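Subject: A structure for you to explore

Hi there,

Here is the structure I promised to pass on. Have a look at it first, and then read my notes below.

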Amino acid sequence: LARLGYPLRGLEVRVCDPATGTPRGEREVGELSVRGASVTPGYFRREDVTAATVLDGWLHTGDLGYLAAGEIVVCGRIKDVIIIGGRNVYPEEIERAAASVEGVRAGNVIAFGTEGRRGKEGIVVVAETKLDDAGGLHDEVIDRVCDAVGVPPLEVVLVLAGSLPKTSSGKLQRSRCRTQYLDDALAPA
């Protein structure tokens with residue numbers, strides 16, 4: 001993960017346990033919170049959201065990260081973390097592993113959690129491919145993901161190139177892809 005640099009002058013950053021608010025130590029992952037003159041005091045006409053995200057003057061960002069010698073490192077988003085057997089699995093690790101398979105379009109993989117057998121969360125990988133015959137990709141993606149995070153995906157869905165949901169700026173949309181998966185609205189390859 002890349003170091004993003006030091007906080008701007010007049011901005012404080014801290015890392016805390018998302019559940020308890022307890023400060024984390026050097027290189028311990030937690031939620032990034034910020035405060036300072038340039039940080040919003042709250043959301044316009046959204047007291048409910050303000051109450052949930054601004055506590056004691058600290059804006060809780062929903063980003064997971066840590067500090068390394070004062071520099072900020074972002075690991076992902078709290079809402080995107082997949083919990084498997086009590087262990088946090090980050091979708092970015094899964095996506096990198098799946099994208100390393102030849103035939104999968106790099107930067108065009110989305111991983112998310114979904115309820116599996118017995119109500120336990122499992123991993124779903126949705127990956128774009130341009131291959132006409134993507135038969136062997138499925139098993140190779142499973143192997144790479146399992147090697148990377150120690151857990152095989154419940155399902156690997158190979159979709160047509162250009163079909164993953166993205167924002168207008170080209171950023172992949174995990175939650176929208178998850179909704180499309182659950183609605184059986186993905187464009188299979």
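The buried residues of helix α3 pack against β7 (87-89), α2 (91-99), β8 (104-115), β9 (121-129) and β10 (155-160). Before going further, please note that this is a predicted model, in which local features need pLDDT of at least 70 and side-chain atom pairs count only at pLDDT 80 or more, while totals for chains, interfaces and linings use all residues. Residues are numbered from 1 along each chain as its sequence is written, and side-chain values use heavy atoms, with hydrogens and water left out.

Helices (H or I, at least four residues) and strands (E, at least two) are DSSP runs, numbered from the N terminus. Buried means under 20% relative accessible area, exposed over 50%, and partly exposed in between (1.4 Å probe, protein chains only). A contact means heavy atoms within 4.5 Å.

Which residues of α3 are buried? They are Leu137, Val141, Val145 and Val149. Seen down the axis of α3, these buried residues fall within an arc of 70° (taken from the directions from the helix axis to the C-beta atoms), so they line one face of the helix. The general rule behind this is that an α-helix has 3.6 residues a turn, so residues three or four places apart point the same way.

Helix α3 covers residues 137-149, which is 13 residues. From its first C-alpha to its last it reaches 18 Å, close to the 18 Å expected at 1.5 Å a residue (that is, 1.5 Å times one less than its number of residues). After α3 comes Gly150, whose phi is positive, near 80°.

Is Val124 buried or exposed? Val124 counts as buried because its relative accessibility is 0%. Leaving aside residues up to four places away in sequence, Val124 touches Ile110, Ala111, Phe112, Thr114, Glu155 and Tyr181. Take Phe112: it is 12 residues from Val124 in sequence, and their C-alpha atoms are 5.6 Å apart in space.

Finally, the whole protein. It has 4 helices and 10 strands, in the order β-β-α-β-β-β-β-β-α-β-β-α-β-α from the N terminus on. Of its 189 residues, 39% are buried. Among contacts between residues at least 6 apart in sequence, 59% join residues at least 24 apart. The C-alpha atoms fill a box of roughly 55 × 35 × 35 Å, taken along the principal axes.

Enjoy exploring!
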